[in-house]
Amino acid sequence: MNRNRFGRIWTAAALMLLALPTLFCTGDRAPSPRVALVAKAMDSEFWYSLREGAERAASEAGVRLSVLAPQREVYIHEQVNILEDQLVRGVDALIVAPAGVAQVVPVLDRAASAGVPVLIVDTDIDWPQKAAYVGTDNREGGRLAGRFIVDRLDGKGSVALIRGIPGVASQDHRVEGFLEVLEHAPAIDLAANQSANSERALAMNVMENILSANPHLDAVFVTSDEMALGVVEAIAAHGLQDRLIVVGFDAGREAVQAIQNHRIHAVVAQDPGLMGRLSVEAAVRLLNGETLEPFIDSGTELVTEGDVDDFIARREAGFRPASPSAPE
Amino acid sequence: MGPVIGLLALCVLLSATSPHFLRVDNLLNIFRQSSVNACLALGQLLVILTAGIDLSVGSLLALCGVLMALMLKAGVPVLPALIATILLGLIMGVVNGLLLTRLRLPHPFISTLGTMNVARGLAFIVTGGFSVSGLPDGARFLGAGMLGPIPVPVATVILVYVLFHVFLTRTTVGRDIYAVGGNKEAARLSGIPVDRRLTLVYTLSGAMAALGAIILTGRMNSGFPLAGQGAELDSIAAVIIGGASFFGGVGNVWGTLVGALIMGVLRNGLNLLDVSTFWQTVVIGLVIIAAVWMDVLRRKGHSPA
């Protein structure tokens with residue numbers, strides 16, 4: 001008799017839980033094309049901007065867009081599961097920011113053999129069937145950061161590098177571009193080269209450790225804003241904010257504000273909003289039968305204390321949707 | 001029966017809400033996606049039957065996976081590489097067992113917390129943080145191959161579940177494991193070699209982590225040191241949802257399999273419905289709470305206090 005009771009409890013629990021998702025599920029029957037954008041995570045401003053740009057482009061083009069992501073960037077298997085499930089659900093095109101460069105290839109192969117075109121966004125991968133890569137020229141971004149630091153230090157000093165997950169192309173390319181510039185600056189010493197998984201709290205710890213080991217550090221290049229914002233906390237805790245040059249990557253709102261407050265000295269700007277927009281527009285062009293250029297550049301520039309206000313003004317303007325709403 | 005009814009109710013509801021849920025390729029996806037967790041959970045079940053816990057399985061999965069990939073890249077033929085991977089899992093499991101029974105660390109939470117960090121760190125050290133990809137086709141068979149209509153990982157999981165079912169219910173050693181979890185002192189007094197049984201369950205858990213690693217590495221076409229983050233908690237959740245008691249002595253392999261499937265079905269179904277991962281996490285948390293609450297009710301039912 002106990003068993004019966006458990007059965008009922010289970011059923012009731014399952015019913016309640018399943019009522020939940022229906023609140024969030026979108027209509028399923030319209031004829032417009034369906035595109036899924038699968039991000040690496042939805043845990044920072046970068047991904048929110050990318051989603052925003054993609055959603056605006058989708059609503060302008062009349063495309064049904066789902067944006068999905070694993071809980072954390074390191075849950076690579078979860079991203080693979082999401083991709084498999086989207087293929088079953090049936091999509092006309094996939095836009096993927098690969099969390100694992102090698103790990104997503106088998107499922108992308110399945111997409112290709114099912115005839116679903118795949119656009120790669122943000123993090124390029126070496127996969128011949130991709131329709132195009134939409135994103136930042138990350139190597140060039142790394143070079144911009146390197147040149148800025150070399151200039152500010154007059155070609156000599158002690159530098160640290162804090163990077164995201166190794167093996168992820170966007171991160172690897174930023175690092176390569178940066179190290180390329182340092183190679184031509186023999187008096188610059190790379191005192192530390194550490195990974196902090198693109199997580200803020202971890203980056204703070206890593207920077208604290210680097211500062212303990214290298215109290216005379218002059219500059220640090222951090223390959224994402226999310227980590228840079230943790231790094232500046234560690235620097236402030238050591239009272240070194242007036243001496244250490246910090247260069248971030250992404251140029252999200254929080255990091256740009258940190259430039260205005262002189263906590264970060266420069267960031268390599270990516271435009272995730274434009275990246276999201278261009279990727280959806282490329283998907284639409286693809287579905288209309290157009291062939292795409294293999295690399296769709298969403299732009300890279302260095303934002304410094306000198307031009308941060310100008311950058312904000314331009315971005316505000318750029319963020320307005322291209323068509324209807326007129327500036328106030 | 002509770003977990004089975006829960007699973008069926010979930011399936012009925014998902015078939016009603018998503019037209020894609022019941023399709024064969026989707027069901028195969030669910031089985032494939034659940035197979036690694038099912039492996040880890042089977043090892044975890046043995047440990048939990050003895051009222052223990054194995055936090056190291058996710059990290060062992062990563063370490064075994066990267067070492068398997070490195071061996072294959074170094075030209076070791078597939079079969080010896082797979083055997084070596086399983087052996088490695090067994091050895092790491094023996095270490096877990098000996099830390100508990102020889103060093104007398106006070107609780108397996110502590111010994112396996114230690115090995116969890118050691119194994120994760122080693123996985124990063126041996127790979128330098130990078131993933132190891134581009135494996136020979138033979139190595140991918142266990143993770144991505146098909147036996148007729150059945151994915152090889154699914155067949156593998158069913159096989160080990162049947163073996164463990166026979167082991168737990170038809171052998172003296174298997175029944176000892178329940179006895180140890182039911183009451184350690186009583187088991188010792190009745191002549192069961194408790195320490196050896198404890199070492200055995202951690203050893204088998206290590207081997208199952210290695211099997212999970214083989215499947216995951218094949219499925220992902222690479223070994224990567226970030227693999228299996230949080231997998232230990234998923235495996236514990238599957239065991240608990242599957243009706244095993246966290247206090248030991250109660251539980252069976254089929255409940256655990258259903259527990260792993262419930263988690264797989266939930267995640268798959270919520271993905272099909274475009275529910276964000278944040279909500280998926282909330283739902284799985286609620287399911288765990290509901291399952292443990294039933295464990296509480298069940299204990300009340302058995303021994304009215």
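How many bridges join strand E9 (residues 245-250) of chain A to E10(A), and do the two run parallel or antiparallel? Four bridges join them, and the strands run parallel. The model is predicted. The close-ups below start from this pair.

**View 1. Strands E9 and E10 of chain A, with helix H9 between them in the unit.** E9(A), helix H9 (residues 253-260) of chain A and E10(A) form a β-α-β unit. The unit is right-handed. Within the strand pair, Phe249(A) has Val268(A) in E10(A) as its bridge partner. The pairing of E9(A) with E10(A) is parallel, over four bridges.

**View 2. The two faces of strand E10 (residues 266-269) of chain A.** Ala266(A) and Val268(A) point one way from this strand. Val267(A) and Ala269(A) point the other way. All of these residues are buried. E10(A) also pairs with E12(A), again through four bridges, but this time the strands run antiparallel. Here Ala269(A) has Glu301(A) in E12(A) as its bridge partner. Strands of a sheet pair through backbone hydrogen bonds, either parallel or antiparallel.

**View 3. Leu302(A) in strand E12 of chain A.** Leu302(A) sits in strand E12 (residues 301-304). Is this residue buried or partly exposed? Leu302(A) counts as partly exposed, because its C-beta has 18 neighbours inside 10 Å, while a buried residue needs 20 or more. Leaving aside residues up to four places away in sequence, Leu302(A) touches Leu144(A), Phe148(A), Ala266(A) and Val268(A). Two of these, Ala266(A) and Val268(A), point one way from E10(A). Ala251(A) lies 51 residues from Leu302(A) in sequence. In space the two are 9.0 Å apart, C-alpha to C-alpha.

**View 4. The six-stranded open sheet of chain A.** The strand order is E7-E6-E8-E9-E10-E12, with mixed pairing. Strand E7 (188-195) and E12 of chain A stand at the edges. Each has a single partner strand, so one side of each is left without a neighbour in the sheet. On average, neighbouring strands of this sheet are turned by 20 degrees against each other, direction ignored. Further along the order, strand E6 (residues 157-163) of chain A and strand E8 (residues 219-222) of chain A run parallel, joined by four bridges. Ala160(A) stands opposite Val220(A) in E8(A).

**View 5. Strand E5 of chain A and its partners.** Strand E5 (residues 132-135) pairs with strand E4 (residues 118-121) of chain A in the parallel sense, over three bridges. Tyr133(A) in E5(A) stands opposite Ile120(A). E5(A) also pairs with strand E11 (residues 295-297) of chain A, again parallel and over three bridges. In that pair, Val134(A) stands opposite Ile296(A) in E11(A). Ala132(A) and Val134(A) point one way from E5(A), while Tyr133(A) and Gly135(A) point the other way. All of these residues are buried.

View 6. Chain A holds eleven helices and twelve strands. Of its 328 residues, 53% are buried. Among contacts with a separation of 6 or more, 75% join residues 24 or more positions apart. The chain averages a pLDDT of 87, and 88% of the residues score at least 70. Over residues 25-30 of chain A the pLDDT is below 50, and this stretch has five contacts in the model beyond near neighbours in sequence. Over residues 319-328 of chain A the pLDDT is also below 50, with six such contacts. Where pLDDT is low, the predicted coordinates should not be read in detail.

**View 7. Helix H8 of chain B and what covers its buried residues.** In helix H8 (residues 172-182), the buried residues include Asp176(B), Ile177(B), Ala179(B), Val180(B) and Gly181(B). The cover over the buried residues of H8(B) includes helices H2 (24-49), H7 (152-170), H9 (184-189) and H10 (194-220) of chain B. Chain B has 13 helices and four strands. Its radius of gyration is 19 Å, close to the 19 Å that the globule rule gives for 305 residues, so chain B is as compact as a globular protein of that length. Along the principal axes, the C-alpha atoms of chain B fill a box of roughly 55 × 50 × 35 Å. Buried residues make up 55% of the chain. Of the chain B contacts with a separation of 6 or more, 78% are between residues 24 or more positions apart.

How values were computed:
Residues are numbered from 1 along each chain as its sequence is written. Chains are lettered from A and ligands numbered from 1 in the order in which they are written. This is a predicted model: local features need pLDDT of at least 70, side-chain atom pairs count only at pLDDT 80 or more; totals for chains, interfaces and linings use all residues. A residue is buried if 20 or more other C-beta atoms lie within 10 Å of its own, exposed if 12 or fewer, and partly exposed in between; C-beta atoms are placed from the backbone. Two residues are in contact if their C-beta atoms, placed from the backbone, lie within 7 Å. The radius of gyration is taken over C-alpha atoms; the globule rule is 2.2 Å times the number of residues to the power 0.38. Two strands pair if DSSP finds at least two bridges between them. A crossover is right-handed if, with the strands pointing away from the viewer, the path from the first strand over the helix to the second runs clockwise. pLDDT is the predictor's confidence in each residue, from 0 to 100. Axes are lines fitted to C-alpha atoms, for helices over the stretch in contact, and angles run from 0 to 180 degrees between N-to-C directions.
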